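I opened the model to look up aromatic pairs and a few side-chain contacts. My entries follow.

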Amino acid sequence: MDARFIEKHGRKQFQLYLRPIINDVGHYYVEAETRDETRTDLIINYNNREYLIELKIWRGNSYNEKGEKQLFDYLELKKQQTGYLVSFCFNKNKKPGLLPPAERDGRTLIEVIV
């Protein structure tokens with residue numbers, strides 16, 4: 001495999017992780033572009049709930065803020081209250097784990113760095 005990690009690989013690995021968890025109780029799919037040309041990476045339907053997940057490679061604070069804005073905008077479009085951002089980080093100075101939730105306009109973004 002190529003030494004570079006691209007978001008597509010992260011999405012596939014995350015889907016492999018999810019498959020046994022949501023087996024027979026839900027499903028997931030990759031969202032196609034919407035009419036306003038936005039999309040999220042993964043939508044999970046589990047136990048009659050919908051979860052919007054954005055997958056990004058950590059490329060610094062500025063890039064991360066754009067990903068957060070994209071997800072908040074998508075939450076508004078889909079009329080959802082909570083979204084999830086999974087950041088794949090290879091920066092040795094960045095600590096993996098769950099970050100404090102971000103709030104905007106009554107919506108919550110939960111981010112984890114892996």
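I began in helix 1 (residues 7-22), where Phe14 and Tyr17 both lie, three residues apart, about one turn of the helix. Helices are DSSP runs of H or I, at least four residues, and strands are runs of E, at least two, numbered from the N terminus. I noted that this is a predicted model, where local features need pLDDT of at least 70, side-chain atom pairs count only at pLDDT 80 or more, and totals for chains, interfaces and linings use all residues. Residues are numbered from 1 along each chain as its sequence is written, and side-chain values use heavy atoms, without hydrogens and water.

Phe14 is buried at 17% relative accessible area, whereas Tyr17 is exposed at 54%. Buried means under 20%, exposed over 50%, partly exposed in between (1.4 Å probe, protein chains only).

I then found Tyr51 and Tyr84 as a tilted aromatic pair, 6.1 Å centre to centre with 50° between the planes. Ring centres of Phe, Tyr and Trp (its six-membered ring) must lie within 6.5 Å to pair; planes under 30 degrees apart are stacked, over 60 edge-to-face, the rest tilted. Tyr51 is in strand 3 (residues 49-57) and Tyr84 in strand 4 (residues 82-88), 33 residues apart. Tyr51 is buried at 19% relative accessibility; Tyr84 is partly exposed at 24%.

Last, I checked a charge over a ring. The charged end of Arg59 sits over the ring of Tyr63, 5.3 Å from its centre. The test asks for NZ of Lys or CZ of Arg within 6 Å of the ring centre and within 35 degrees of the ring normal.
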